[in-house]
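Here's a quick briefing to read alongside the model. Grab the viewer and follow along, topic by topic.

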Amino acid sequence: MIELRFKVTRKSEIEELERRRALRRKMGVLLSLALAAVLGTGRAWGQEEPQQGETRIVRAYFDDPLVAAKAVMSLDALESEYEKGYIVLRATEEDIETARQAGMRIVEDDDYVSVALPSEPPTDVVEGTIAGFPCYRTVEGTYASARAIAHAHPELATWRWAGRSWKKTRKAADGYTMYVLRLTNSETAGRKPALFITAALHAREYATAELALRFAEYLADSYETDADVQWLLDHQEVHIMLQANPDGRKRAEEGLLWRKNHNTRHCRHTWAGVDLNRNFDFKWGEAGSSTNECSIVYRGLSAASEPETQAVQAYMARLFPDARGPDDDDAAPSRTSGVVLDIHSHGRLVIWPWGHVHDPAPNGRALQTFGRKLAYFNRYRPLQAVGLYPASGTTEDYGYGVLGRASFTYELGTTFFQDCSRFENSILDDNLESLLYAFKVARTPYRTPAGPDVRDLSLSSGASTTGVAAGTAVTLSAIFDDTRYENGNGFEPTQNIAEGEYYVDVPPWARRRGANAMDPSDGAFDSRTESATATIDTTDLAAGRHTVFVRARDSDGNWGAVSAVFLQVAATQPPPPQDDPEVEVSFAAASYEVPEGGSARIALRLSADPERELTIPLLRTHRGGASAADYSGVPDMVMFGPGVTVAEFPFKAADDSEEDSGESIVIGFGPLPPRVTGSGEAKVSILDDDTPPPQDDPEVEVSFAAASYEVPEGGSARIALRLSADPERELTIPLLRTHRGGASAADYSGVPDMVMFGPGVTVAEFPFKAADDSEEDFGESVVIGFGPLPPRVTGSGEATVSILDDDTPPTAAFEVHGAECGVDLCRTRTGNLVRFTDTSGGPVEHRRWNFGDGTESSRPAPEHAWTEPGFFEVTLRVSGGERESSLSRTFLVEAAEPQGTCVPSAETLCLQDSRYAVAAQWRKADGETGAGTVVHAGTNDSGLFTFFSRDNWEILVKVLDGCALNGHVWVYAASTTDVGYIIRVTDTATGLEKEYRNEPGVPASAITDAAAFPDGCRPP
């Protein structure tokens, strides 16, 4: 409950308030005259942005916290610490009246300081952060950190161009390119559900961009250690526009409470710019925005007039196809994927559409459930976006209204320039959890939030950390919880748990038959929160790390979000046949002395031919102050092949300037394979010796014996190095490894950091052992090359070791019979039967043909005939296990009985059963000209042309049958270009030609010629 503050106002106090108001009105005139000069020369540190009109700082006391929250959404609130019983507003008389009508009590606060900044800029500013706020990175600091993520994790992150700020479009030196940071595992193919996040759309809201950036850093840094993060980035993707208003944000970094973008065409001399969150192209210009250029909610001249808004809308449109009908009451299908989050501050709110009307959105019930779930994690208030009055042209209304995606706005914290202590200790952790949940449910956001969560997920016996041997029974424990909703604004219905299940390595949406039931710990699923367990049989699991996916369903049939945990299975060697000999492994010598900078070959011996491949693990103990930095070359294991009884590895002592005599390393054996015993150890003493190597030894060249190797998963190979001559000395050759195709150090073992040659030795080998896992990771390879070589040694070449995946995914391929096919286009006629043959490689479990005209087939060799002319894309999708592959080819289908003589070509489009020939010619202002190219897309009555790039469609042309309406064939066309062009449409049956022009430099207008061909309705 919020404790309200009451204040008794005496007559003298009222008189003093009136005196202050009158003085403020007089000062307002003088201030407005001075603003232009202030803006021209810059403001003092910590000064607020100028305000148009007469405003007052007031405290708005409330009885109903919901009213306060709506006031924060609608009015210019400077502070929203609801616990105080009031919020602080900078309000016009109209705002104050609105608040009073909502039941709030208004008290002036002339002493309020809205921005708690020092009077002078701090001198100890952390580079790349906002002065006075070291926890928040500047625009440049944000961009640098995002680039660093993409550089450090190229397989997970890409830094994408998304548009330009207003200043950038004006070619201003301080304008910004806009970017999106995309995070997903690039090695996992296919279309993935997406979460799209925008931040800092309102420039003064410091915490927003930093939260989004911290979320990105958390995902990238946790991929290898957090099972939830790994499956999310493997199977889904997140796109984050960290700075959606970089021009405006730069002004806010100066200590100004700047909200809008920095379009100085509007309100040039005071509070310039457009409120981007009133500028989106959905219900633009309706309630809750202003036509006053100097208002903080100025909506702009037209919908999406600002380049920042255009960048956000364009990116969203590329990411999310429209999933909702055109009418306001059309709901998006419940299976629609994708989530849109717009992060703002302040108010501690989670809000959803609609914001432009008080009516709930068509998917309002599901959005409310989702919003209450998001608010559970950050303990914010969940409510519909409409406040004390509606707001139109907003981000969340656009994301849902235009694209049908589940869209939300977060309002972080209690003020715009949130202090770092509250951000680090409260806002950050709570909201990271909420963002992670939003990412989890991006596959089915209208369904999944209604289901129970999985929490406190764990495995017994250290199976998720140190690992267990294959065959160990592992207990999986979890709590299923259907109660995790924030009920501060109504109560979310909850149900009893009905069931729970787990999957190993295969997520629920990929293969339903992999489900394994979990049992209630108390014997029955009969409450809203249940503990559950299951026993996982690891007998058939390959060595390595596996992912266990868990989910639960409630009694209403709602499946909740998936949670995951890693299961580690230790590598084991298969037991040898019982007739294999027992062997003993030992060191050839018990001690070695190696001077600093020198090296030695450490030899292991077997007592007999093992008649099988053996891997001997090694252990190291440091003595006398030695550490891993003092030497290199000792592998974690040594491999013996059949018939091999001696194996060596190099020991290279580092050369340093420290006095560190007495250092030694003792090398012993780890757990040995069956039927192998070990005895003894080898002590290597490092001698503090700086003797330079001789300079008169022969020059030699080192190379690999082979340039490439292929090693199946679980298999091994011996990699050989050769010297061109006897070195006549001891040489240590350093090796470098480069991973390609998604390979990592976990995919193989045995490659040392260096290889040693002794005097008289010209060939040396080392083992390469490929790990065996259950992941489909086709194309992995390791390139082994040379590091910095010793004096008088040169190196050439490298060795590429390809790891052959035994879980190879299918590769879609098909052959076409009965059509004429070129490199990028196949041609046939209507009614002609075309046969397709699936020639895909790899294991194909499912296939689906789509012939581009609404018909599909699952047969391996279907036949198909098109009934209408046009361009059609034939796509074959094949899947095996979790992975799918697709291949498409484009078909031009011509009329079997043409009504004219049009012959299609790269520059001629044939429409209406080949009767009408359409061609386009372009011309630039400098006189350069050329022919338009037909795009391989269209129907019997419409087609497209491109001028310069095949991916940039310039003109859409329609030749329409208007005979039933006015007895003519119509020509309609549209283009988005100011390039000059001539469009020629010829009736090949009559010879009549129509020509349509656009002059260079003039934005092209639409062509609507409804009387183009008066004879077009007559048979040819």
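In which helix does E210 lie? E210 sits in helix 6, residues 206-222; helices here are DSSP runs of H or I with at least four residues, strands are E runs of at least two, and both are numbered from the N terminus. Keep in mind that this is a predicted model, where local features need pLDDT of at least 70, side-chain atom pairs count only at pLDDT 80 or more, and totals for chains, interfaces and linings use all residues. Residues are numbered from 1 along each chain as its sequence is written, and side-chain values use heavy atoms, with hydrogens and water left out.

- E210 is buried because its relative accessible area is 2% (buried means under 20%, exposed over 50%, partly exposed in between, with a 1.4 Å probe and protein chains only).
- Skipping residues up to four places away in sequence, E210 touches C135, Y136, R137 and F423 (contact means heavy atoms within 4.5 Å).
- L349, part of strand 12 (residues 349-352), has 1% relative accessibility, so L349 counts as buried too.
- Neighbours within four places aside, L349 is in contact with A69, M73, Y82, Y380, R381, L383, T409, Y410 and E411.
- The C-alpha atoms of L349 and V72 are 9.5 Å apart, although 277 residues separate the two along the chain.

- Four strands make an open antiparallel sheet, ordered 2-3-1-4 (strands pair if DSSP finds at least two bridges between them).
- Strand 2 (77-79) and strand 4 (105-108) each have a single partner strand, so one side of each has no neighbour in the sheet.
- On average, neighbouring strands of this sheet are turned by 35° against each other, direction ignored (axes are lines fitted to C-alpha atoms, for helices over the stretch in contact, and angles run from 0 to 180 degrees between N-to-C directions).
- Strand 1 (residues 56-61) is joined to strand 4 by four bridges, and A60 stands opposite I106 in strand 4.
- Helix 3 (residues 93-101) lies across strand 1, strand 3 (86-91) and strand 4, at about 150° to strand 3.

- Helix 9 (residues 307-319) has 13 residues and spans 18 Å from first C-alpha to last, close to the expected 18 Å (1.5 Å times one less than the number of residues).
- Buried residues of helix 9 include P307, A311, Y315 and L319.
- Helix 12 (residues 420-440) has 21 residues and reaches 28 Å, close to the 30 Å expected.
- A kink of about 40° in helix 12 is centred on I427 (the bend is the angle between axes fitted to the seven residues ending at a residue and the seven starting there).
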